[in-house]
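Welcome! Take a moment to look over the sequence and the 3D structure, and then we will walk through a few parts together.

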Amino acid sequence: MEIKVTADLLDGLVLALLDKQDYYGYALTQDMQTAISISESTMYPVLRRLQKNNYLTTYNQPYQGRNRRYYQITPEGRTHLERIRKMWGDFKTSLDSVFYKADIVVSHSDLNDAKGNEHG
């Protein structure tokens, strides 16, 4: 089973990679695939949306007789990335608290079962 990635989280992942360095589309997709399952056909609409929202800018650079389009994060993109990181942190904390509570409940129930077996 695979956990679905929301558009906000996908934007955050793309912006986080671009915060470290500029990428051309194929290389960005390859690096994203180390973390999540994503195709180029999904990646390019994300990049266009981020560019339309002024979170990215592009420039062309020659490579082996052709131009590669590179994506670069903008100051607005960095601000948006920080908002997404904050939302992710809050979301992760709330999920961790539920998972942690679930672990405690299981541990207590296992402990109670063990105590019941000792007396039975």
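Which residue with a positive phi follows α3? That residue is N54, and its phi is near 70 degrees. Keep in mind as you read that this model is predicted.

Let's begin with the length of α3.

Now look at which residues are hidden. M43, V46, L47 and L50 are the buried residues of α3. They cover an arc of only 100 degrees around the axis, so they sit on the same side of the helix.

What covers the buried residues of α3? The cover includes the helices α1 and α2 and the strands β2 and β3.

## Helix α2

Next comes α2, which runs over residues 25–32. Its buried residues are G25, A27, L28, T29 and M32. Among the elements that cover them are α1 (7–20), β1 (23–24), α3 (40–52) and β3 (66–73).

## A histidine in helix α4

Finally, find H80 in helix α4, which spans residues 75–119. Is H80 buried or exposed? H80 counts as buried because its relative accessible area is 11%, under the 20% cut-off. Setting aside neighbours within four places in sequence, H80 is in contact with D11, L15 and Y55.

Methods: Residues are numbered from 1 along each chain as its sequence is written. This is a predicted model: local features need pLDDT of at least 70, side-chain atom pairs count only at pLDDT 80 or more; totals for chains, interfaces and linings use all residues. Side-chain values use heavy atoms; hydrogens and water are left out. Helices (H or I, at least four residues) and strands (E, at least two) are DSSP runs, numbered from the N terminus. Buried means under 20% relative accessible area, exposed over 50%, partly exposed in between (1.4 Å probe, protein chains only). Contact means heavy atoms within 4.5 Å. The arc is that of the directions from the helix axis to the C-beta atoms.
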